[in-house]
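Please look at the sequence and the model before reading on.

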Amino acid sequence: MKKLLAVLLATAMVLGLAACGSTATATTTAAPAATEAPAATEAAAKKLLDKPIVFKVSYVENPDTAMGTIMPKAFKKAQELCNDEVQFEFYPSAQLGNEADVMEQISNGAPIIGVAGYDDMSATVPACIPLAVPYVFESIEEVCNFGKSDYFKELQKQMESSGFVPMCSGSLGVRHFISTCPITCADDIKGKIIRMGNSNPCQSFITAIGGTPATTAWADNYSLLQTGAIDGCEAALDTLYSSSLYEVCTNLCLSGHLCTPFMFVTSPENWNKIPAEYQKLIIEALSEGTEELAKKLDEDSPMYVQKFKDAGVEVCENPDVASFREYTLKEYDYLGIDRSEYDKIREAIKSVM
């Protein structure tokens with residue numbers, strides 16, 4: 001009997017140890033730590049900067065314009081894609097100064113992203129001058145596609161050498177004249193004072209026609225038109241309307257003289273602080289934004305024309321555009337640009353359309 005009890009007890013102990021061993025093995029193989037470790041390491045590796053880089057984004061348009069609503073969303077998307085390691089603060093309505101002021105700040109190393117057209121760039125990159133003359137581009141679509149051309153890629157190198165990195169390229173809409181007097185053809189500008197952009201190509205267009213170009217702060221245009229100090233100014237429709245210029249102007253001429261090429265630019269010094277992986281994501285997000293912006297501006301044009309009509313402004317919808325276009329090549333002559341450069345630009349545009 002004692003021998004039987006001893007055998008049963010020994011058997012029970014063996015079975016108990018076997019069960020414990022089986023449980024330990026199951027727990028070990030099911031433990032998640034070994035499989036989660038690589039994922040945690042990968043997540044940590046996504047941090048590419050020791051601390052966030054913060055850029056101030058400057059533009060002269062008001063917050064309620066297409067630029068003021070669409071491009072901040074594009075920058076915010078870029079910030080999210082960069083895990084908030086590259087951050088953007090927005091300064092609309094020329095809070096940091098006009099385009100020339102902002103470009104000077106960028107040149108001095110300020111961590112700013114600003115808007116620059118070929119007209120703005122022409123002061124530091126002479127190769128941009130032929131592109132800033134009115135009627136070189138015939139549509140928003142041409143402007144947007146031109147950024148894909150070999151001509152633009154070569155121009156981009158020159159801009160970077162001059163201290164500006166173009167992060168995206170697009171259009172700020174078609175520009176027209178608003179005035180206190182009727183403008184239906186080029187001759188109507190002769191003897192008139194027209195506020196234009198600061199650049200030589202913009203100013204000299206009015207000079208070539210026979211008018212007097214004025215350079216004023218955009219915020220001053222309302223009072224200058226109201227008092228008669230200037231006879232007119234020009235900009236895209238949404239900018240003209242958001243500035244309430246319909247209150248002091250009686251006439252709008254749909255001249256379509258500029259399709260307003262623009263780029264968001266920053267300095268190579270600050271751009272190169274951003275890891276290449278993030279640079280690519282930023283460019284993609286901003287490029288999508290500029291495409292949306294161009295589409296929105298194009299679609300909204302008829303709406304703004306109607307708004308001006310409803311405000312009592314006389315709209316010349318079919319001006320003598322040919323009379324304005326005559327001054328494109330005349331301005332090339334005035335600026336000392338070989339006319340063949342116009343042909344090269346038009347060929348570059350056709351190559352990507």
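## A network of charged residues

A network of salt bridges links Glu 138, Glu 142 and Arg 346, where a salt bridge is a side-chain nitrogen of Lys or Arg within 4 Å of a carboxyl oxygen of Asp or Glu. In the whole structure, the search finds 13 salt bridges.

## How the model is read

This is a predicted model, in which local features need pLDDT of at least 70 and side-chain atom pairs count only at pLDDT 80 or more, while totals for chains, interfaces and linings use all residues. Residues are numbered from 1 along each chain as its sequence is written, and side-chain values use heavy atoms, with hydrogens and water left out.

## A link between distant parts

Glu 292 and Lys 73 form a salt bridge whose closest N and O atoms are 4.0 Å apart. The pair links distant parts of the chain, 219 residues apart, with Glu 292 in helix α12 (residues 276-310) and Lys 73 in helix α3 (residues 66-81); helices are DSSP runs of H or I with at least four residues, numbered from the N terminus.

## A pair within one helix

Lys 153 forms a salt bridge with Asp 150, and their closest N and O atoms are 4.0 Å apart. About one helical turn separates the two, because Lys 153 and Asp 150 are three residues apart in helix α7 (residues 150-161). Asp 150 counts as exposed at 61% relative accessibility, whereas Lys 153 is partly exposed at 43% (buried is under 20% relative accessible area, exposed over 50%, partly exposed in between, with a 1.4 Å probe and protein chains only).
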